Amino acid sequence: MKAARYRVAVILVNFNSSAHTLQCIASIRAQTRSLEPIQIVVVDNASRPEEFEALGPLADEPDMSLVRSRLNTGFSGGNMLGTAHADAEFYYFLNNDCLFEEDCIAALLAHCDANPKTVLCSGHQRHEDGRQRLNFGYFPSLLASVLGSGAARALNPERYPKKSATYTEDLTVPLLAGCSMFARAEAFAAIGGFDTTYFLYSEEEDLARRLTDAGGRVVLVPGARFLHLGGGSTPDKVEYLREFYISHLHYLSKHHSGLVAGLHRLALSVKLLKRSPGLALFVARGAPMRYSLRHAQQIQL
C-alpha cells in the first residue's frame, strides 16, 4: 500500500449552502497551523447551479478538491464520494456549518498519534448562542427507550456517560455526533466506510457500532473545540422526520434481532401516538424504505 499524500483530509458535503461551506473553509485555513498541508475535499451534492457556481474559486486553491455530484446521494453517499478523492491517513468528516475556534485538527491528530486504538474521535461543540453540547450520544436500547437514560446509566454507566458533566480528559464514548468525525482511514476502509443505505440520519450510530465491533475505540477529545451553527441545509419538515425513522429502523434491523427491533418499533409507535398519529402509524408499518427522500432526487443535467 502506498503512503498517503496527506495526513488529514477534511471532507465537506455541500447542499445548497455554499455560504456555510466557504465560511467553514476560511475558519479551517485560519485556525490550522500545522507544518504539513491538509487536503480539503468539497463534495457538492447536486446543489442548485448558482450554489455550485459560488464554490467555483475553490478549484484553484492549493490542496483542494472540488467534486460535483449530479445526484444528491445524501450524507453517507456524499461523504463516500469525498473519500474517493481523498488521499490521507485520516478523514475528517465535518459539517459545513461548523467553524473552528482553535486548531482542532492538531488536537485530534495528536490524540490519534498517541492512541493507535482510537479509530474515531471528535471534540466539544458550541452553539451560536453559547450553549455547550457534548459531541457524543448513546446507541439505541430498549432499556433507555422505556426507562430513560438515567436508569440505563445506573445499570450500565460505561455505556451512558453523563452528558451534563464537564470533561477535561479524553473520554471513551459509544458514538459521536455526525457533524464532526475524525476517522482513521485504514480502519474506516476496513469496515467498508459508511453504509450508503442511509440517506440521512443514523449514519454515526452505524459507523461507530461497526468500528467498535471491529475492535476500535471512539473518543471525545475535549481539547478540540468548534462552533456548530446548525441548520445549514436540512429543514425541519415532516418528510425529514419520516427519513429519520426510516434510518433509525434500518439501524435497528441491521444490528438487532427481529424480536428486539420489533419491540423498539412498538415502543416508538406508542411514544409518537399522542404527538403525531401519522408518524406513529408510519413507524408501526416499519417506516418503509420506499418512502426515503433518496427516491425523490433528480439528476442535475
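User: Why is E89 called partly exposed?

Analyst: Its relative accessible area is 36%. Buried means under 20%, exposed means over 50%, and partly exposed is in between (1.4 Å probe, protein chains only). E89 falls in the middle band, so E89 is partly exposed. This is a predicted model: local features need pLDDT of at least 70, side-chain atom pairs count only at pLDDT 80 or more, and totals for chains, interfaces and linings use all residues. Residues are numbered from 1 along each chain as its sequence is written, and side-chain values use heavy atoms, with hydrogens and water left out.

User: What makes the pair E89 and R7 a salt bridge?

Analyst: The rule asks for a side-chain nitrogen of Lys or Arg within 4 Å of a carboxyl oxygen of Asp or Glu. For E89 and R7 the N to O distance is 3.1 Å. The pair meets the rule, so it is a salt bridge. E89 lies in strand β4 (residues 88–94) and R7 in strand β1 (residues 6–14), so the bridge ties together parts 82 residues apart in sequence. Strands are DSSP runs of E with at least two residues, helices are runs of H or I with at least four, and both are numbered from the N terminus.

User: Is R7 buried or exposed, and how do you know?

Analyst: R7 has a relative accessible area of 18%, so R7 counts as buried.

User: What makes R7 and D113 a salt bridge as well?

Analyst: Here the N to O distance is 2.9 Å, which meets the salt-bridge rule. R7 is in strand β1 and D113 in helix α4 (residues 104–114), so this pair joins parts 106 residues apart in sequence. D113 has a relative accessible area of 45%, so D113 is partly exposed.

User: How many salt bridges does the rule give?

Analyst: The count comes to twelve.

User: How do you know that D206 and K254 are bridged?

Analyst: Their side chains meet at 3.0 Å, N to O, and that makes a salt bridge. D206 lies in helix α8 (residues 203–213) and K254 in helix α9, so the bridge ties together parts 48 residues apart in sequence. D206 is buried, at 1% relative accessible area. K254 is partly exposed, at 35%. Salt bridges with shared partners join D195, D206, R210 and K254 into one network.

User: Why are α8 and α9 called roughly parallel?

Analyst: Two packed helices are described by the angle between their axes and the distance between the axes. α8 and α9 pack at about 20°, with axes 10 Å apart. Angles under 35 degrees count as roughly parallel, over 145 as roughly antiparallel, 65 to 115 as roughly perpendicular, and the rest as oblique. That makes α8 roughly parallel to α9. The axes are lines fitted to C-alpha atoms, for helices over the stretch in contact, and angles run from 0 to 180 degrees between N-to-C directions.

User: Which residues make the contact of α8 with α9?

Analyst: E205, D206, R209 and R210 of α8 meet Y251, K254 and H255 of α9. Contact means heavy atoms within 4.5 Å. These residues divide into one nonpolar, one polar and five charged. Ala, Val, Leu, Ile, Met, Phe, Trp, Tyr, Cys and Pro count as nonpolar, Asp, Glu, Lys and Arg as charged, and the others, Gly among them, as polar.

User: Why are α9 and α11 called roughly parallel?

Analyst: The axes of α9 (residues 238–255) and α11 (residues 277–284) come within 10 Å and cross at roughly 25°. The two helices are therefore roughly parallel to each other. In α9, L241, R242, Y245, I246 and L249 meet L279, F282 and V283 of α11. The contact residues divide into seven nonpolar, no polar and one charged.

User: What makes T21 buried?

Analyst: T21 has a relative accessible area of 0%, so T21 is buried. This residue is in helix α1 (residues 18–31). Beyond residues up to four places away in sequence, T21 touches L12, N14, V42, L55 and N96.

User: How do you know that Y160 is buried?

Analyst: Y160 has a relative accessible area of 3%, so Y160 is buried. Y160 sits in the loop between α6 (149–155) and β9 (171–172). Among the residues Y160 touches are Y138, F139 and A152. The C-alpha atoms of Y160 and Y138 are separated by 6.4 Å, with the two residues 22 apart along the chain.
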